[in-house]
Amino acid sequence: MTPRTLFDRIWSRHVVVQEPQSPAVLYVDLHLVHEVTSPQAFQDLCARGLKVRRPDKTFATIDHIVPTDRRGFPIADAQAAEQVRQIETNCRACGVQLFGLDDPRRGIVHVIGPELGLTQPGMTIVCGDSHTATHGAFGALAFGVGTSQVEHVLATQCLLQYKPKTMQVRVDGTLPRGVTAKDLVLALIAQIGIGGGTGSVIEYAGAAIRALSMEARLTICNMTIEAGARAGMIAPDDTTFEYLAGREFAPKGAAWDAALAHWKTLPTDDGATFDETVSLDASALEPMITFGTNPGMGMPIAGRIPDPATISDASQKHALTKALAYMNLQPGQALLGHPIDVAFIGSCTNGRLSDLRAAAAVLKSRHVSPRTRVLVVPGSQQVKRQAEQEGLHEIFRAAGAEWREPGCSLCIAMNGDSLEPGQYCISTSNRNFEGRQGKGGRTFLGSPLTAAASALAGAVADAREFSIADF
Amino acid sequence: MNPLKTLTARVVALPNENVDTDQITPARFLKVTDKAGMDNYLFADWRYDAAGNARPDFVLNQPRAQGAQILLAGDNFGCGSSREHAVWALTAFGFRAVISTSFADIFRNNALKNGLLTIVVDKASHRDLFDLVAEIPDAQLTIDVAAQTLTLPDGRAVNFPLDPFARTCFLEGVDELGYLLARRDAISQYERNTQHGTREA
Ligand code: SF4
């Protein structure tokens, strides 16, 4: 038999119809829905007189516009309140399960899918959100779609898709102490560029990937979209199965045994080929930070900002010049020691329990700089409860950080959490685009360790300089 | 969607590369629950200053942008978020086609669903087009979807790729949801087969 890839196995199992010279009709096993990209889809569905075909495969939550301050309820912003009202009404009318404002399972859509056991190996998963790539960490094919496609999936549980190309990213070696999954993926994007994965599904493989925890794998797959790729995937293994066992929506009993047997058949065969292969040596990596206005503009934390004058490609030169003007940074400048106004620890990239533990390990028995506002925003209600059981919230509060309610928060600045024009933020989120964290705001992307260390220093800092207990 | 067969229209040039969807429609405008008035949000942070006044130096605020239906964009247009609002804002402003050297996957997909043609040209033609607009600010281009050509005022034609399905969608105004709904029986059959785990690839 020809050796096959994980992607190829999942793809071919989900093709319902493939007509010549047409995209495949691809079946969707799990459709996740949030308040921002779904209202127009439900409206159009109703206008056509259609129903949700598989409410049992559709789950919704509220994450983007939700205040992260308890005093933010009831929601004062009329448009945000209307989005909440619409998703509540739509889900009720269509029989879709909603993890709503008061639900203890509510959280960022890409945090709750995995933690509730909804996300499972071998599935096709879509959501009207580009970071749906996150779920690929379980060996699922998961990708973001637009609102029209949300409507298509609601109506037919299917999508029209062309088969993408495949790319393997091999990461061998061992991540050095103080270097995290976030640094790994930022280094990859700096290497292949923000268009480097366009048209492809990336499978991550190699010893360094196998050694990662489930949460760290989620961080890697989450950022895959920032390299322009359709999806990121990691073959399921014991780490995956141990994580899933016993979760609310994971199969139980005999169904678990059957699922497990199936999941074990999924990984890519030895000798399977990819359209492209990229290699990285984890041992050589350092903590990464971005200096520009796209996630590919990153460098090792002790590095110096490149000089546009040394770049030959005219469009890259222009992009860097423009980015440095927006960021008010100079070529050749080091970022270590650069003042920081806000530190944000959270988002679907780094808002899970292990991320909060890492940040807490740095902040423990220390105090953040008076010039830096620090927001710690758990990715979900469940993450919040777990962190509180471990006393992490006490560590954050004692350090002078704000311990907030779960949501997307400062990752996208739709809920009232926002930077002021000109402010610098060290952020554990995924995008440093102009204005992403608030109009005129300037973002440095980094790991939770880097964000916490920088919060202490009030300036960009290398967490490896601090003595940190194991976490 | 409305069919698009041929189009002769003025082009506006926006040379910035890697224009992400946060620039096309900043996130604070995603709180809308319908598609009306989206043109006001297009490139809002580039078009308006802090006080909400139009910046005269931004190309979409200049008279030449009025009635232009083709956007000539820099490399890697539409990266970032999946928000279809970005496409709705472009079409609400009046654009029917965007030209670049490459588009982000989700953006290209969203564009097709809304009758916005994404035209990929090679780097040399891309440069020539920018030169053309610099020289003749109100230059018109002609797009022929069936022939997959973009014709410059001097008569030079540039071919562009378009997959056969998308081509049919544009020419006939095919609606993808209609296509999927027409295959409901196959979908039901698939569901019956997979329910028992009998379907093997
Ligand atoms: S945390 Fe940020 S990237 Fe993740 S879903 Fe929310 S807004 Fe999107």
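Analyst: Let's start with a cut-off: two strands pair if DSSP finds at least two bridges between them. Keep in mind too that this is a predicted model.

User: Fine. What makes β6 and β7 of chain A a pair?

Analyst: Strand β6 (residues 124–127) of chain A is joined to β7(A) by four bridges. The cut-off is at least two, so the two strands count as paired. They run parallel, and one of the contacts across them has A:Val126 with A:Phe143 as its bridge partner in β7(A).

User: How do you know which faces of β7(A) are covered?

Analyst: In a regular strand the side chains alternate between the two faces of the sheet. In strand β7 (residues 141–144) of chain A, that puts A:Leu141 and A:Phe143 on one side, with A:Ala142 and A:Gly144 on the other. These four residues are all buried, and both faces of the strand are covered.

User: Where does A:Val342 sit, and why is it called buried?

Analyst: A:Val342 belongs to strand β15 (residues 342–345) of chain A. There are 25 other C-beta atoms within 10 Å of it. Buried takes 20 or more, so A:Val342 qualifies.

User: Which residues does A:Val342 touch?

Analyst: Leaving out residues up to four places away in sequence, A:Val342 touches A:Thr372, A:Arg373, A:Leu419, A:Gln423 and A:Cys425. A:Cys425 turns up again in the strand pairing, standing opposite A:Val342 in β18(A).

User: What makes β15(A) and β18(A) partners?

Analyst: The count is three bridges, with the strands running parallel. At least two are needed, so this is a pair as well. β18(A) also pairs with strand β19 (residues 442–445) of chain A, in the parallel sense and over four bridges. There, A:Ile426 has A:Phe444 of β19(A) as its bridge partner.

User: Are the residues of β18(A) buried or exposed?

Analyst: Buried, all of them: A:Tyr424 and A:Ile426 point one way from strand β18 (residues 424–427) of chain A, while A:Cys425 and A:Ser427 point the other way.

User: Which residues stand out in the largest nonpolar core, and what makes it a core?

Analyst: A nonpolar core is a set of buried nonpolar residues such as Ala and Leu joined through C-beta atoms within 7 Å. The largest one here has 207 residues, and A:Ala452 and B:Leu72 have the most contacts inside it. α6(A) contributes the most, with eight residues. The core also draws at least three residues from each of domain 1 (6–263) and domain 2 (289–463) of chain A. As for A:Ala452, it touches A:Ile345, A:Ala359, A:Val362, A:Leu363 and A:Ala463, not counting residues up to four places away in sequence.

User: What lies around the ligand?

Analyst: There are 13 residues around the ligand, and A:Ser347, A:Cys348, A:Cys408, A:Cys411 and A:Ile412 come nearest. By class, the shell splits into five nonpolar, six polar and two charged. Each of domain 1 (6–263) and domain 2 (289–463) of chain A supplies at least three of its residues.

User: And how many residues of each chain are in the contact between A and B?

Analyst: Chain B puts in 44 residues and chain A puts in 55. On the chain B side, the elements giving two or more residues are α1 (21–24), α4 (105–113), α6 (164–172), α7 (176–181) and α8 (184–195) of chain B. The chain B side divides into 17 nonpolar, 11 polar and 16 charged residues.

User: Which residues of helix α3 of chain B are buried?

Analyst: In α3 (residues 85–93) of chain B they are B:His85, B:Ala86, B:Val87, B:Trp88, B:Ala89 and B:Leu90. They pack against α1, β2 (70–73), β3 (97–100) and α4 of chain B. Just after the helix, B:Gly94 takes a positive phi of about 120 degrees.

Notes. Residues numbered from 1 in each chain as written. Chains lettered and ligands numbered in written order. Predicted model: local features only at pLDDT ≥ 70, side-chain atom pairs only at ≥ 80, totals over all residues. Contact = placed C-beta atoms within 7 Å. Nonpolar A, V, L, I, M, F, W, Y, C, P; charged D, E, K, R; others polar. Buried ≥ 20, exposed ≤ 12 C-beta atoms within 10 Å, placed from the backbone. Near = placed C-beta within 6 Å. Domains from an automatic or database assignment.
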